[in-house]
Amino acid sequence: MFFNSLSYLFFLLAVAIVVYIIPGKYQWIWLLICSIFFYYTLLPTYLILFFVLIILNYYLGLAIENSDIKRNFIFILSICFNIIILAFFKYFGFFQSLVIEIKGRSVYDPLLKIILPVGLSFFIFTILSYLIEVKRGTINAERHIGIFAGYLLFFPKIMQGPIEKPGKIIPQFREKKCFNYELVVEGLKLMLWGYFKKLVVADRLAIYVDAVYNNYEQHSGASLLLATIFYSFQIYADFSGYTDIAVGSAKVLGFNLTNNFNRPYFADSIKEFWNRWHITLSVWLRDYLFLPIAVFFTGKIKNTKYFGLPIEKWIFMLATIITFSICGLWHGEGLNFLIWGLLFGIYLTIANWSLSLQKNIRKKLDISKKSKLYRVYGIIITFLLVSFTWIFFRADTTRDALNIIESILDLEGPLFIDRRTMVFSLVGLVLLYYLEAKIEFSQSGYLPFKTKHWLVEHLAYAALTMIILLIGVFDGGQFIYFQF
Amino acid sequence: MENKYIRFTAHAFIFIALIFILDQVLGKVLRHFYFKSEYGITYQLTYSLDSTKADVIILGSSRANHHYNPQIIEDGLHMSCFNTGMDANFLLSCYAFYKSLVKRYTPPIILFDIIPDELFVGTWGYDELDCLLPYYKNKPEIRDVVILRSKFEKLKLISEVYPFNSKLLAIVEGNIRTEDINKSKGYRPLYGELNDTTIKHGQSNGFELDTNKIKALNAIASDCEKQNIMLVFIQSPSYSMPNQKTIIPILNEIAINHNAEFWNYVNDTLFLRPEYFKDELHLNNLGAHEFTKTITNRLSERFIFEHK
């Protein structure tokens, strides 16, 4: 049962009806049962792994909180344990293929094939967040194993996040869920907006992107360039569409999850981009990796200049590179994902190191940082830099990515035209960006169609439904981040 | 009932009513223009399902459409011929086509072009039934095939707009351009030659067979036998060597059981020439010309033999 299926809508309806009928003290049980059922429909075999992880981490959380002497030891042990589990499932295939290559076996043994359980990366990062927060003392270890399981398995976020911090979600499981008209309606609107992004924009663009990227040797540089730009929009519409459906579903059930996206392609710098893209992962990386690394080195290294740069610039570089390398590896085992992460690390380091240079240039050219022109320039440059990184993200291997870049730089050959896909994609993209620009510049939250009259708003959402029916792709693929 | 529930129900009702009205109006407009199309795929599809009364009918996908020139068959057999083949019109769609055709009349000959791999599970056929969605409402005979598309297809088809999903451009084009379908008779030739002349070897053997597709093939063959229609399953040439260990015995068995024919040209070296192909799977106009001549001659011989 996937978010982009009718089965899911029926499931959500049933969950919502029951959750508002039953007494508050049983609501968490119902939500837990539904979450287990939801995951069961996806990959039943791995439910047992999730149960084991829940039980172990429940006790590890309590042990971290209660032990005085071995607190650090238990904490490090629990972090390592979870990372090893994730690494095993994430990189087993990679190491296995290496062994097969070394041994020269040509036949892949399917019995040895281990697939990554859906949502495990998000699940483990949520657990790590819980353990770190318990260790830091910002929250108490959860005493109720049922609520702890509900927090980790909550079906709207199990597959692709948001990676929620425990302090935000666990208390919501304790609250009695009463039918909140505003919250439910907001959730439904958000879901519809998410379906528009996924079915009309992402899955339509995917047709062109897949056709070009899956046979990149047959396509010209112009087609690869267009496909790369399309992919930038596809991955945004796909992942933010998923998040809208997830957050919307949670709202329908009376929960508030974190919105993972804040119109990232309106960012005018890479730093700003990461404040708007996959926000919960960015916050996770900042709070649990970047800042601890930076603090660690600040305390260890003498405050002086190296190669003419102050030490904090070097520490920033080190912490950024390490953080984004891990971010890249979290996405996948290939070298291409590592390069994708490193590129962001490099972008941010250059931006940080050249702050005074940028200031001087602006001063000489008499350009204000707040001018509209400068913002537009920043948005375009940021988009191009981010799109370049997506080549490594979308290509199957680093070699493929480099070949694609070489072809793009050539820009020779005819443009591959798929008229229907291109026309419908452009219609969807124009509509998406028109509505997002309106939200961005009016700072009116995250939903389109905010009007004073409810009937006009209803009509706008009904028209959006018609657009989905008319040009949406109903036999499209799975969400991109599903594989992570 | 509490106030908030009443408010929610009222707004939900108004929203659903708005969707219903928009869906009905837009759907009716789309339906009107869809069936008014006089150009392109939509026109050919409607003509194939509603109008053609040709003696020889060619069923199949893009390979059928680009491989059989009806004019050559008409000239050779002195019978009318129409090519209903279309891109992505795979076996299940052909079954629906067949049901719709025989409801109107009984064509004496049906040439059914089959792609070697399409009988397997997980290959094409289900999503591609979308081309028949606009006809679901008016053609009860094809409904049982169309609903194979997905678990909730019947429910989705409550919408008037859904059947025209992704068809807007075709509808617009079909209403601003015209074509003489009696001239082309459905055939759309391909031009150009193969660039990569390496012959690829298929590895499809061993996949699971799709029972729906096998049932559809049997149903067509059995019905043709009853209605005394000469049915020929044809695997037209391709510039590759697909593995056919599974499919040949099945097609042979169905043909023998139902007094039909199975002609296999996939690995025929006579056609394994780069100048006959546009790409690995499709003959160009020259290739189609040669292939249709071969088929026509074989059909003629068959008639002479039967006549004697």
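Biologist: How much area do domain 1 of chain A and domain 3 of chain A bury between them?
Modeller: This is a predicted model, by the way. Domain 1 of chain A and domain 3 of chain A bury about 1,300 Å² between them, and 64% of that is on carbon and sulfur atoms.

Biologist: Where do the domains of chain A run?
Modeller: The assignment puts domain 1 at 6-174, domain 2 at 181-261 + 417-483 and domain 3 at 265-410. Between domain 1 and domain 3 of chain A, the contact takes 15 residues from domain 1 and 13 residues from domain 3.

Biologist: And how far apart are the C-alpha centres of domain 1 and domain 3 of chain A?
Modeller: Those centres lie 30 Å apart.

Biologist: How many salt bridges are there between domain 1 and domain 3 of chain A?
Modeller: The count there is 1 salt bridge. A:D287 pairs with A:K165 in a salt bridge, with 2.4 Å between the closest N and O atoms.

Biologist: Switching to helices: at what angle do α16 and α17 of chain A cross?
Modeller: Their axes cross at roughly 135° and come within 8 Å, with α16 covering residues 372-394 and α17 residues 398-410. That angle makes α16(A) oblique to α17(A).

Biologist: Which residues meet there?
Modeller: From α16(A) there are A:F388, A:I391 and A:F392, and they meet A:T398, A:A401, A:L402, A:I404, A:I405 and A:I408 in α17(A). By type, the residues of that contact are 8 nonpolar, 1 polar and no charged.

Definitions and conventions:
Residues numbered from 1 in each chain as written. Chains lettered and ligands numbered in written order. Predicted model: local features only at pLDDT ≥ 70, side-chain atom pairs only at ≥ 80, totals over all residues. Heavy atoms only, no water. Axes fitted to C-alpha atoms, helices over the stretch in contact; angles between N-to-C directions. Helix = DSSP H or I, 4+ residues; strand = E, 2+ residues; numbered from the N terminus. Parallel < 35°, antiparallel > 145°, perpendicular 65-115°, else oblique. Contact = heavy atoms within 4.5 Å. Nonpolar A, V, L, I, M, F, W, Y, C, P; charged D, E, K, R; others polar. Domains from an automatic or database assignment. Buried area = accessible area lost by both parts, 1.4 Å probe. Salt bridge = Lys/Arg side-chain N within 4 Å of Asp/Glu carboxyl O.
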